[in-house]
Amino acid sequence: MLDWARVDTVLLDMDGTLLDLYFDNHFWLEFVPARYAARHGLTLEQGKAECMARYEQYAGTLDWYCVDHWTRELGLDIAVLKEEADHLIAVLPHVTDFLDLLGEAGKRRVLVTNAHQKSLALKMDRTRLHHRLDALVSSHEIGLAKEDTAFWERLCEREPFDPQRTLFVDDSLSVLRPAQRYGIRWLLAIRYPDRQQSVREIDEFPAITEFDELIPGLQAFVAETLSPAAR
């Protein structure tokens, strides 16, 4: 159980945590391969095979998340294609309520994403979630992907936080592991990042299916903190 009295900062992933990962999965696994195949005169299956082979070369690196890299690599304007598919961008259930309640509780809300700045700008424009966040940080500004333990050191220099009084929420175990190695005390995984897929079983970290699981405890903290006796 989270002890909200011991949490000052909440670091939040974007895709698969605040936003439905279906947009990204569909975009990279279906939409882009189809456009790549059409551009190069390939069948859809050939387009998928070529894209997957290229993706695998850069998995877990900053280039994998870079819009400009894939524009060069695939010969497609990825930023424009994302705008074409932006109707699929969706905020996950209970996210806005949770963010608002964090604000009431006096917690600093920091979005920490591997998404390229162009993707981040598009998604914030479509969802307006930036109005419910205190800071936005893209790993491209840091110069390392979140999968790199050194990322967290650089993040703390840019956006100071006490690891022992910080909660980090992400859907990727490969990102939670280096955050744990860095020393972040409170870690949560997301079991249901893509609403078109099944809920995942996660044993390695404490995990939630939706943010409504955290709301009662946070509400109780807010009520206790704001009560006349607490003042």
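**Chatting through a predicted model**

User: Where does Asp170 lie?
Analyst: Asp170 lies in strand 4, which covers residues 166–170. Helices (H or I, at least four residues) and strands (E, at least two) are DSSP runs, numbered from the N terminus. This is a predicted model, where local features need pLDDT of at least 70 and side-chain atom pairs count only at pLDDT 80 or more, while totals for chains, interfaces and linings use all residues. Residues are numbered from 1 along each chain as its sequence is written, and side-chain values use heavy atoms, with hydrogens and water left out.

User: OK, is Asp170 buried or exposed?
Analyst: Asp170 is buried, because its relative accessible area is 1%. The cut-offs are under 20% for buried, over 50% for exposed and partly exposed in between (1.4 Å probe, protein chains only).

User: Which residues is Asp170 in contact with?
Analyst: Setting aside neighbours within four places in sequence, Asp170 is in contact with Asp13, Thr17, Lys146, Val175, Leu176, Leu188, Ala189 and Ile190. Contact means heavy atoms within 4.5 Å.

User: Let's jump to Arg200. Where does Arg200 lie?
Analyst: Look in the loop between strand 5 (186–190) and strand 6 (207–208). Arg200 has 29% relative accessibility, so it counts as partly exposed.

User: What is Arg200 in contact with?
Analyst: Asp171, Ile190, Arg191 and Pro193, leaving aside neighbours within four places in sequence. Ile190 is ten residues from Arg200 along the chain, and their C-alpha atoms are separated by 8.4 Å.

User: New topic: which residues touch the most other members in the largest nonpolar core?
Analyst: That core has 49 residues, and Trp4, Leu12, Val32, Ile78, Phe98 and Phe211 touch the most other members. Helix 1 (residues 22–40) gives the most to this core, with six residues. A nonpolar core here is a set of buried Ala, Val, Leu, Ile, Met, Phe, Trp, Tyr and Cys residues joined through side-chain atoms within 4.5 Å.

User: What does Val32 touch?
Analyst: Not counting residues up to four places away in sequence, Val32 touches Phe27, Cys51, Tyr55, Leu74, Leu76 and Ile78. There's also a second, separate core of 22 residues, and Val110, Leu144, Leu187 and Ala207 are included in it.

User: At what angle do helix 1 and helix 2 pack?
Analyst: At about 115 degrees, with their axes 8 Å apart; helix 2 covers residues 44–58. Axes are lines fitted to C-alpha atoms, for helices over the stretch in contact, and angles run from 0 to 180 degrees between N-to-C directions. Among the residues making this contact are Trp28, Val32 and Tyr36 of helix 1 and Leu44, Cys51 and Tyr55 of helix 2.

User: What about the angle between helix 5 and helix 10?
Analyst: Helix 5 (residues 95–104) and helix 10 (residues 215–226) pack at about 25 degrees, with their axes 10 Å apart. They are therefore roughly parallel. Angles under 35 degrees count as roughly parallel, over 145 as roughly antiparallel, 65 to 115 as roughly perpendicular and the rest as oblique.

User: Which residues meet there, between helix 5 and helix 10?
Analyst: Asp97, Phe98, Leu101, Leu102 and Glu104 in helix 5 meet Ile215, Leu218, Gln219 and Val222 in helix 10.

User: Last one: what's phi of His94?
Analyst: It's near 70 degrees, a positive value in a residue other than glycine. Most residues other than glycine have a negative phi. His94 lies in the loop between helix 4 (78–84) and helix 5, and at 30% relative accessibility His94 counts as partly exposed.
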